[in-house]
Amino acid sequence: MPMFEANIYRNVKLDASAGAGGQVLDLETAIKDGILGGVTGGGLVCAGVAEKLDLKKMVEELESIEVPPVFICPISLDPMQDPVTLCTGQTYERYNILKWFSLGHCTCPTTMQELWDDTVTPNRTMQQLIYSWFSQKFLATKKRSEDVQGRAIELLDNLKKVKGQAKVQTLKELRQVVAAHSTARKAVLDNGGTALVTSFLGPFTTHAVGSEAVGILVNLDLDFATKSNLRQPARISLMVDMLNEGSIETKINCTRLMEMLMEGNDFGHENMSSLRLLVGLLRLVKDKKHPNGLLAGLGLLKSICSHESVRGSVVSIGTVPPLVELLPSLNNECLELALYILDVISSIPEGRLALKVCASTIPNVVKLLMRVSETCTRLALSILWAVCMLAPEECTALAVEAGLAAKLLLVIQSGCNPVLKQQSVELLKLCSLNYTSTIFISECKLTRTIQ
């Protein structure tokens with residue numbers, strides 16, 4: 001009812017620390033003093049502009065920013081666009097409160113007071129404040145976006161002129177802008193920036209220039225032509241050098257960029273099988289001082305191992321033992337990558353031998369069965385099968401001692417994929433043929449009963 005509107009705002013408190021020295025103000029004071037939403041002299045600064053802006057669009061685009069609590073509907077916890085006030089003085093989004101009434105409620109959702117009047121009164125002042133606040137934030141954000149876009153274009157122009165240390169500084173600033181703002185990334189893509197930055201990577205490029213250039217490119221959505229250009233041997237060689245000798249940030253960026261380049265099928269095997277590249281990757285994976293490089297390193301190593309002709313080289317540099325030792329400490333994402341790498345390595349004779357020789361392979365892999373995910377269980381079963389088939393009598397005994405039988409029984413009795421269950425049965429049969437422990441025989445009988 002209109003008679004309540006004059007007093008609606010007296011009890012609403014705001015934290016106006018940004019414009020009032022940290023004091024808590026009520027909404028009426030904020031309106032009068034222009035602290036909330038840029039209101040001055042009782043009028044809206046953005047009123048002329050706000051009429052041309054769509055509130056719904058502004059709310060959607062500013063979704064990530066913190067909105068004053070007084071603008072939030074207590075029911076949906078979303079910013080109000082059509083606020084209405086009840087006789088209790090509480091304000092809600094029209095749609096939400098009408099839905100509340102339609103469910104048969106006759107109370108105020110916030111106070112749970114019984115309503116003596118179910119009229120909803122449009123709260124025009126609140127609506128104007130919301131409109132003004134979002135308009136100012138939207139226009140300020142848009143201006144910053146345009147400023148960032150303009151700065152990115154300016155930096156690209158400067159790169160065509162500067163040399164030496166000035167070029168390094170310009171590339172560094174462009175990298176920072178591109179990493180922080182999507183509009184800057186779009187500006188670089190739309191203004192030929194990828195070709196320009198790629199041109200700085202070559203056989204005579206210093207690592208200072210190269211690391212900044214790679215840091216820019218890894219944040220961009222590269223097209224086919226750019227990827228083909230970056231796959232040139234001289235450029236790959238520079239990235240490999242920086243992978244081995246650069247800072248941890250440079251190593252991670254080079255690794256991520258090379259993984260992006262491998263998404264195509266025409267990345268030559270001679271580049272992937274470079275021992276210098278593989279050794280650099282293994283160092284990154286093993287670097288305990290900088291564990292943030294682990295995910296990037298495993299990701300590229302997985303992509304490399306997907307090519308069968310390279311797997312022998314991966315084994316020859318000693319990849320298996322450190323990767324097996326890492327298994328117990330890896331998070332789920334890294335664990336799946338590591339198990340995939342070990343699984344594909346087990347597909348070649350030298351890979352199976354390396355896994356068998358590593359004393360930690362069987363106990364560490366057995367522990368992962370039915371522990372993390374079905375994917376991990378599948379990969380672990382595949383690795384164990386490959387190792388046990390290489391030396392059945394020796395390896396099955398080790399596996400059973402490590403608790404394999406109980407783990408296999410869990411897989412068989414679980415709701416896992418039928419293929420996994422069948423693999424578990426086959427592995428259990430292999431163990432029963434080569435291990436004669438009384439306890440194990442009883443477990444095998446139980447398995448046959450389940451079958």
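Me: Which residue is the bridge partner of Val84 in strand 6?

Reply: Tyr92 in strand 6 is the bridge partner of Val84. This is a predicted model, where local features need pLDDT of at least 70, side-chain atom pairs count only at pLDDT 80 or more, and totals for chains, interfaces and linings use all residues. Residues are numbered from 1 along each chain as its sequence is written, and side-chain values use heavy atoms, with hydrogens and water left out.

Me: What makes strand 5 and strand 6 a pair?

Reply: Two strands pair if DSSP finds at least two bridges between them. Strand 5 (residues 83–85) and strand 6 are joined by 3 bridges, so they pair. They run antiparallel. Strands themselves are DSSP runs of E with at least two residues, helices are runs of H or I with at least four, and both are numbered from the N terminus.

Me: Why are strand 6 and strand 7 called edge strands?

Reply: Strand 6 (91–93) and strand 7 (121–122) each pair on one side only. The open sheet has 3 strands in the order 6-5-7, with antiparallel pairing. Helix 4 (residues 94–102) lies across strand 5, strand 6 and strand 7. Helix 4 runs at about 95° to strand 6.

Me: Why is helix 6 called oblique to helix 7?

Reply: The axes of helix 6 (residues 164–180) and helix 7 (residues 182–190) cross at roughly 120° and come within 5 Å. Axes are lines fitted to C-alpha atoms, for helices over the stretch in contact, and angles run from 0 to 180 degrees between N-to-C directions. Under 35 degrees counts as roughly parallel, over 145 as roughly antiparallel, 65 to 115 as roughly perpendicular, and the rest as oblique. Helix 6 is therefore oblique to helix 7.

Me: Which residues of helix 6 meet helix 7?

Reply: Leu174, Val177, Val178, Ala179 and Ala180 meet Ser182, Ala184, Arg185 and Val188 of helix 7. Contact means heavy atoms within 4.5 Å. The residues of this contact divide into 7 nonpolar, 1 polar and 1 charged. Ala, Val, Leu, Ile, Met, Phe, Trp, Tyr, Cys and Pro count as nonpolar, Asp, Glu, Lys and Arg as charged, and the others, Gly among them, as polar.

Me: Is Arg175 buried or exposed?

Reply: Arg175 is in helix 6. Buried means under 20% relative accessible area, exposed over 50%, partly exposed in between (1.4 Å probe, protein chains only). Arg175 has 14%, so Arg175 is buried.

Me: What does the side chain of Arg175 make a polar contact with?

Reply: The partner is the side chain of Glu249, at 3.3 Å. A polar contact is a pair of N or O atoms within 3.5 Å; within protein, one must be able to donate a hydrogen and the other to accept it, and residues adjacent in sequence count only if both atoms are side-chain atoms.

Me: Why is Met370 called partly exposed?

Reply: Met370 has a relative accessible area of 34%, so Met370 is partly exposed. Met370 is in the loop between helix 20 (361–366) and helix 21. Phi of Met370 is near 55°, a positive value in a residue other than glycine.

Me: What makes helix 23 mostly covered?

Reply: In helix 23 (residues 404–413), 7 of its 10 residues are buried. Among them are Leu404, Lys407 and Ile412.
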